[in-house]
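Please examine the sequence and the structure shown below.

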Amino acid sequence: MNTIKVWDPFVRIGHWLLVGGFLVAYLSGDEWMDIHVWAGYLVFGVVVFRIMWGAIGPRPAQFRSFVQPFSAVKRHMSDLLRLRPRAYAGHNPAGGWMVVALLATLLLVALSGIATLGTEGEGPLAGTAIAAFLGEEGWEEVHEILTNLALVLVAVHIGGVVMESIFTHENLPKSMVTGIKHIHTEEKS
Amino acid sequence: MMKGHNTYLLRGTLLAGAVAAAIGVVATTATASDDYGDRARRDDHHAARELAANGRILPLRQVLDMAEGHQAGRVLEAEFEEDDGRYIYEIEIVDEKGMVWELEMDALDGTLLKKEH
């Protein structure tokens, strides 16, 4: 059994900053605006960083290394249904698209939050046409709907991680801390 | 896995720093430059409660009575604001013709400061 270092420190730290930032932002929601806004900026920053890192980071962090055609996702899903998923060094094909979906959704959550802030006369969009476009209630509505979508994605993401961890005997949450994955010999079937 | 581990370490640190700096600058300059009115509004009801408790501003109920003396009609909305160190109640009243009047009243003594529609 070999070990490989898949996740660089920026991917790992970014991942857990996102977890923390999203959690804090979600919980501080309506109650604690200052904290909510800063947690939101943190999430925004990490997402922007991760998107750029997906272009210029090391190979496993790059989008082109883990965003695979839908045929690969289909094959992975049917493997999964037959309870025989193969192990992947980086993300599995479904996981790769989950990364994209989560980043895109969180980006939109953050942007709609900044727009909502703008309708209250704060933040970079204060007094702009973008803020006025939907108004306070409109943007807040969009912000909440997108947040709920993000919650659903997070739930599916965690479900997928648990499933793959069980099937591949690889503690994936731990990999996201240490950056290390193991290559099991039974992987080649 | 990586060609030049340190290259990526440097590159990632620079990128993270740049992103953090950019967002920090945008977020703080925008907050600092906004005219403060709305930022204060979020804390206004705390401030209002405290001031009312200390007897420094008139209670809303009393101000509403005074406002209805200036303009007959139904009260649509009442808002407490601090504007350049002045405490103001902003009250919207709709008259029987459906015209909406906006009254600004001094929160300390109830003086009518502005009435417009």
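**Pocket and interface**

In this predicted model, the lining of the largest pocket draws at least two residues from each of the following helices of chain A: α1 (9–28), α2 (33–56), α4 (70–81), α5 (93–119), α6 (129–168) and α7 (172–178). The volume of this largest pocket is about 1100 Å³. Its lining comprises 41 residues, and those closest to the pocket centre are A:H15, A:M98, A:L102, A:H157 and A:V161. By residue class, the lining of the largest pocket consists of 28 nonpolar, ten polar and three charged residues.

The second topic is the interface of the two chains. Here 24 residues of chain A are in contact with 20 residues of chain B. The size of an interface is often expressed as the accessible area lost when the parts come together. For chain B and chain A, the area buried between them is about 1900 Å², and carbon and sulfur atoms account for 73% of it. On the side of chain B that touches chain A, the elements giving two or more residues are α1 (5–33) and α2 (37–53) of chain B. Of the elements on that side, α1(B) gives the most, with 14 residues. The residues of this side of chain B fall into eleven nonpolar, four polar and five charged.

How many salt bridges does the rule find across the interface of chain B and chain A? The count is zero. For polar contact, one residue pair is found across the interface of chain B and chain A, with both residues at pLDDT 80 or more.

Key:
Residues are numbered from 1 along each chain as its sequence is written. Chains are lettered from A and ligands numbered from 1 in the order in which they are written. This is a predicted model: local features need pLDDT of at least 70, side-chain atom pairs count only at pLDDT 80 or more; totals for chains, interfaces and linings use all residues. Side-chain values use heavy atoms; hydrogens and water are left out. Contact means heavy atoms within 4.5 Å. Buried area is the accessible area (1.4 Å probe) that two parts lose on being put together, summed over both. A salt bridge is a side-chain nitrogen of Lys or Arg within 4 Å of a carboxyl oxygen of Asp or Glu. A polar contact is a pair of N or O atoms within 3.5 Å; within protein, one must be able to donate a hydrogen and the other to accept it, and residues adjacent in sequence count only if both atoms are side-chain atoms. Helices (H or I, at least four residues) and strands (E, at least two) are DSSP runs, numbered from the N terminus. Ala, Val, Leu, Ile, Met, Phe, Trp, Tyr, Cys and Pro count as nonpolar, Asp, Glu, Lys and Arg as charged, and the others, Gly among them, as polar. On a 1 Å grid over the protein atoms alone, a cavity is a set of points where a 1.4 Å probe fits but cannot get out, and a pocket is an open set with protein on both sides within 12 Å along at least five of seven lines; lining residues have an atom within 4 Å of a point. Grid points are joined across faces, edges and corners, and a volume is the space filled by probe spheres set on the points.
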